[in-house]
Amino acid sequence: MGDTTGSPYDINGQHFNPDMFLQKLFKAYVNVVINNVLVFVLLCILFQECSLKQIMDQEGDIVRDTQTLHSDMQTLVYENYNKFISATDTIRKMKSDFKKMEDEMDLLAANMESITSFSEQISCTLQDTRQQITKLSGVHSLLKRLQFLFKLPGKLKHTIQDGQYSQAVQDYIHAQRVLQQYGNMASFQGIQSDCEIIVEELKQKLRDQFKSKEATAKELAESVDLLLQLQEPADSLCAEFLAHAETRLGEQLTILKELQDQDIIEFVDVGSSGFLSDLCLMVASYNDMFINRPRLQDAQQCDELDSVALSQLGNFVLCNMQHYFDLVGKRIEREQEGGAGDTVVLVRALDRFHRRLQAMNTLFSDTDFARTGTEIVLRAGRRQCRYHLQTLKTHFSDTLTQVRQSLAAPKLINQDGDSSTSLSELLTSLVLATVEKVKGVLQDLLVFAQSDLTFGLKPHFREAFCIDNVREDLVVGFLHHLTATARGFCDSGDSKSPPALLLLLSKMCLEFETSSVHYLLSQTDEWFNIEDRHGSGILTGEAEICNSMRAAAQELLNHYVRMQGLSVSQMLRKSVETRDWLHTIEPRTVRAVMKRVVEDIAAVDSQVGALYEEGQRAERSSDSSRRTHSASVSRHVYRSNWSSYAPSQLDSSLVTNIQKLFSERIEIFSSVEFSKVSILTGIIKISLKTFLECVRLRTFSRYGLQQIQVDTHYLQLYLWRFVADENLVHFLLDEILGSAVHRCLDPVLMEPSVVEIICERG
């Protein structure tokens with residue numbers, strides 16, 4: 001056993017030698033390898049599976065492998081040698097430390113036994129003394145309580161005089177149970193009566209402080225809390241608390257009334273920091289004192305008190321908030337009077353007002369004050385839209401006034417030869433000024449729909465403000481006002497409007513119908529995020545407004561044609577009615593009124609051409625003047641034939657009626673198209689029809705008939721170029737001359753060559 005312990009090959013022994021142990025392992029390994037080789041060779045020879053050369057080669061391979069393994073073994077030993085040494089030292093040190101720890105644990109156990117023994121001896125010695133100390137401690141505590149009771153009245157007076165009401169209440173409540181329990185004893189009755197008198201004085205001081213106008217909300221809450229601790233009736237305290245709060249809030253509302261002339265943002269800030277802050281503080285204090293208090297009484301009684309307290313609080317808050325909303329609404333209306341206020345400042349104030357009301361909802365959740373605030377904001381937005389609508393109407397009226405002043409003397413404009421440029425510039429300025437004004441108004445109202453506003457993204461506000469107020473009431477309403485104003489100039493009673501204004505307004509309505517209506521509506525929908533609700537009936541369709549614009553343009557243009565036709569007709573009517581056709585002299589020239597008619601028609605042509613396109617005309621002959629001459633000759637022959645027949649031979653009226661049966665009917669007052677030739681055609685039809693009816697009412701001599709012949713020929717020379725179909729002019733002039741023949745006492749027409757000479761000379 002001793003030899004084994006001292007062996008250098010024992011890995012657990014103190015004399016372990018790693019080098020000798022590894023050499024021993026290596027020798028054993030080599031012997032095993034050699035033995036395996038020998039066995040292999042013997043087997044190969046025995047079974048004659050390999051030749052001698054193969055066996056020698058195999059032996060060489062085995063030797064090389066053995067040398068390789070030997071080299072790897074040495075490398076492994078060298079690399080891990082320090083680790084083996086360190087592990088050996090660590091194990092030796094651990095053995096030594098464990099032995100030392102075992103000795104210390106034995107010493108500790110001996111010490112604990114000694115301490116236990118001494119403790120038992122001390123406990124036995126002090127047993128009697130501990131009981132005496134406990135008894136003395138109880139007596140000392142009782143004496144302190146008695147001392148507190150005897151000193152309580154004086155202490156209460158002292159704390160009340162110092163204003164320490166809370167400390168006085170705490171002291172009284174602390175001693176109240178003992179006084180109630182031992183109040184029948186003579187020694188305690190005096191103390192109890194003194195304390196009750198002092199507490200009554202304290203209650204009175206608390207009530208005085210409770211009713212004081214100088215008391216802050218914190219002092220008010222403290223007074224109510226102390227009175228509740230002194231068992232005062234909670235329902236009466238609720239009423240007194242709310243009455244005092246009503247007085248305080250009334251003072252804040254009075255301050256707001258005095259600030260009606262101040263800046264609106266300052267007004268809202270004062271209302272938020274003054275009235276709303278005090279109201280929130282009072283509601284929070286009320287909830288803490290009367291509703292969320294600890295339930296120390298009967299549960300049913302507490303529920304009844306909570307119901308009464310909540311009812312009184314609800315009525316109190318609603319009444320005061322209604323007064324506040326009325327003041328804010330009046331201040332906002334005053335800010336918007338006359339449109340003098342800045343919309344950005346107004347919206348900023350409304351946002352602060354609405355944001356604070358949302359905070360009110362978290363404190364008083366029974367009523368949605370934020371929705372009431374949204375209604376106030378919505379009314380402000382509606383008033384702003386109405387003001388802007390009135391602004392647009394005023395601007396449009398002023399612009400029309402300027403246009404009327406510019407068109408007050410159209411003759412002068414025509415004489416300057418610049419009527420085309422003037423009318424087109426007036427039209428451009430009128431349309432652009434109106435559209436830009438509407439855009440400016442929309443941009444001003446866009447601040448109401450900003451996403452950072454507390455009310456800006458609420459569906460209730462966006463639908464009512466963006467759709468109803470901005471799009472429908474403002475934009476669509478103004479477009480309807482525009483058409484109504486334009487149509488107002490078509491009233492028969494308004495004869496002071498220059499005809500050029502009717503023409504200009506007609507073209508303006510067409511411009512709006514073509515592009516401006518679509519532009520304004522799409523711009524409004526884009527800026528205010530209005531979704532197109534097809535078939536919902538909420539949004540006024542673009543087609544409806546465009547149709548109204550086109551109808552107004554048509555009505556204005558028809559009225560313009562009638563006015564211009566009436567102007568020319570009056571000249572023709574007066575020229576016929578004021579002349580004595582039975583005693584007139586032989587015609588030597590064209591009457592001046594016919595020249596004036598042609599000049600006026602040419603002026604109208606220039607005026608209409610400044611705004612409207614030419615339009616389509618019927619195909620003309622290659623030489624209209626030559627056609628006019630041949631028509632005059634044929635008509636002369638035709639009328640001469642009428643004069644040669646006797647009444648019994650042929651009734652000339654019958655010939656005329658037969659001719660009318662085969663001619664197309666001419667609509668004199670039909671609607672005109674939006675083109676220059678159609679407008680001029682309508683004016684010339686009205687003028688010539690008036691001329692025809694006037695001729696039918698007169699009686700002519702020979703020279704009177706010949707004067708009508710000269711006049712009609714002169715008109716035919718110049719009017720054909722203004723109409724869409726020159727055959728219409730030929731037909732009406734033939735009707736005029738034919739009527740003159742029927743109304744002539746001696747129907748003899750002038751030679752066509754003479755008529756030509758007179759007209760060319762005229």
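Which residues in α12 meet which residues in α13?

1. The model is predicted. On the α12 side, the contact consists of Thr343, Leu346, Leu350, Phe353, His354, Leu357, Gln358, Met360 and Asn361. These meet Phe369, Ala370, Gly373, Thr374, Ile376, Val377, Ala380, Gln384 and His388 in α13. By class, the residues of this contact comprise 10 nonpolar, 8 polar and no charged.

2. As to geometry, helix α12 spans residues 343–363 and helix α13 spans residues 369–406; their axes come within 8 Å and cross at roughly 165°. Because angles over 145 degrees count as roughly antiparallel, α12 is roughly antiparallel to α13. The crossing of α12 past α13 is left-handed.

3. Turning to the rings, the count of aromatic pairs comes to 13. One of them joins Tyr324 and Phe325 in a tilted arrangement, at 6.1 Å centre to centre with 45° between the planes. Tyr324 and Phe325 are both buried.

4. Phe455 and Phe461 form an edge-to-face aromatic pair, with 5.1 Å centre to centre and 70° between the planes. Phe455 counts as buried because its relative accessibility is 0%. Phe461 likewise counts as buried, its relative accessibility being 0%.

5. Ring pairs also link Phe275, Tyr324, Phe325, Phe353 and Phe369 into a cluster.

Methods:
Residues numbered from 1 in each chain as written. Predicted model: local features only at pLDDT ≥ 70, side-chain atom pairs only at ≥ 80, totals over all residues. Heavy atoms only, no water. Axes fitted to C-alpha atoms, helices over the stretch in contact; angles between N-to-C directions. Helix = DSSP H or I, 4+ residues; strand = E, 2+ residues; numbered from the N terminus. Parallel < 35°, antiparallel > 145°, perpendicular 65-115°, else oblique. Left-handed = near helix turned anticlockwise from the far one by under 90°. Contact = heavy atoms within 4.5 Å. Nonpolar A, V, L, I, M, F, W, Y, C, P; charged D, E, K, R; others polar. Phe/Tyr/Trp six-rings, centres within 6.5 Å; stacked < 30°, edge-to-face > 60°. Buried < 20%, exposed > 50% of the residue type's maximum accessible area, 1.4 Å probe, protein only.
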